[in-house]
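Dear colleague,

Please find the structure below, handed over for your study. My findings follow it, grouped by topic.

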Amino acid sequence: MLGVILTAHASYATGVYSGVKLITGGSENVRVVDFTGDNLDDYDNKLKEAIDELLNKYDSLIIATDLAGGTPFNRSVILTSDMENVEVLSGLNFQMAYELAFSESNIDDTIDSAITSAKEGILKYETPKQSDEDFEDGI
């Protein structure tokens, strides 16, 4: 198992993880760090604390963020750029959080699975169209 940090703007990461916990009960390898925009030093300290805690327990760490180029993503990259066993992702959604929290694969397979799952979770519902043939025999 690997460590996972969910971090995003405002309380988005907390909200996503609360859905995961509702369905699964949560996972001991996940930490949430919200970026509220108030104080960058406080955010960095909370993020560093979560990184250190999880790397003391797990061989690898994945940090999932909401938006590539946003503060949570950028700060995660800066704080872990010299760490070989840490990867930073963007595009956090429920499917990604679920896959990351409960994966028992290596870090590369986990990332591939999480990204695939996150993408597959995005869709547009289309009402099936009825053809005239559907009504040929009447009601």
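A polar atom in the side chain of Thr65 lies 2.8 Å from the backbone oxygen of Leu89. This is read from a predicted model, as is everything that follows. Thr65 belongs to strand S3, which covers residues 61-65. With a relative accessible area of 0%, Thr65 is buried, because buried here means under 20%. Setting aside residues up to four places away in sequence, Thr65 touches Thr7, Pro72, Phe73, Ser76, Val88, Leu89, Ser90, Gly91 and Leu92.

The strand that holds Thr65 also has a partner. S3 pairs with strand S4 (residues 86-89) in the parallel sense, over four bridges. Within this pairing, Ala64 stands opposite Leu89 in S4. Between S3 and S4 the chain passes through helix H3 (residues 71-80), and this β-α-β crossover is right-handed.

I turn next to the nonpolar cores. The largest one has 21 residues, of which Leu6, Ile62, Leu92, Met96 and Leu100 touch the most other members. Two or more residues of this core come from each of strand S1 (3-9), helix H1 (12-24), S3, H4 and helix H5 (107-120).

How many aromatic pairs does the structure hold? There are two. A pair of aromatic rings is described by the distance of the centres and the angle of the planes. For Phe35 and Tyr43, the ring centres are 5.0 Å apart and the planes stand at 65°, so this pair is edge-to-face, the term used for angles over 60 degrees. Both Phe35 and Tyr43 are buried. For Tyr98 and Phe102, the ring centres are 5.4 Å apart and the planes stand at 45°, so this pair is tilted.

Tyr98 and Phe102 both lie in helix H4 (residues 94-102), where, being four residues apart, they are separated by about one helical turn. Are these two residues buried or partly exposed? Tyr98 has a relative accessibility of 36% and counts as partly exposed. Phe102, with a relative accessible area of 32%, is partly exposed as well.

Ser103 is located in the loop between H4 and H5. Its relative accessibility is 10%, and Ser103 therefore counts as buried. The side chain of Ser103 reaches the backbone nitrogen of Ser105 at 3.2 Å. Leaving aside neighbours within four places in sequence, Ser103 is in contact with Met1 and Thr110.

The other loop residue is Ala10, which sits between S1 and H1. Although Ala10 is not a glycine, it has a positive phi of about 55°. Ala10 counts as partly exposed, at 45% relative accessibility.

With kind regards

Note on methods: Residues are numbered from 1 along each chain as its sequence is written. This is a predicted model: local features need pLDDT of at least 70, side-chain atom pairs count only at pLDDT 80 or more; totals for chains, interfaces and linings use all residues. Side-chain values use heavy atoms; hydrogens and water are left out. Rings of Phe, Tyr and Trp (its six-membered ring) pair if their centres lie within 6.5 Å; planes under 30 degrees apart count as stacked, over 60 as edge-to-face and the rest as tilted. Buried means under 20% relative accessible area, exposed over 50%, partly exposed in between (1.4 Å probe, protein chains only). A polar contact is a pair of N or O atoms within 3.5 Å; within protein, one must be able to donate a hydrogen and the other to accept it, and residues adjacent in sequence count only if both atoms are side-chain atoms. Contact means heavy atoms within 4.5 Å. A nonpolar core is a set of buried Ala, Val, Leu, Ile, Met, Phe, Trp, Tyr and Cys residues joined through side-chain atoms within 4.5 Å. Two strands pair if DSSP finds at least two bridges between them. A crossover is right-handed if, with the strands pointing away from the viewer, the path from the first strand over the helix to the second runs clockwise.
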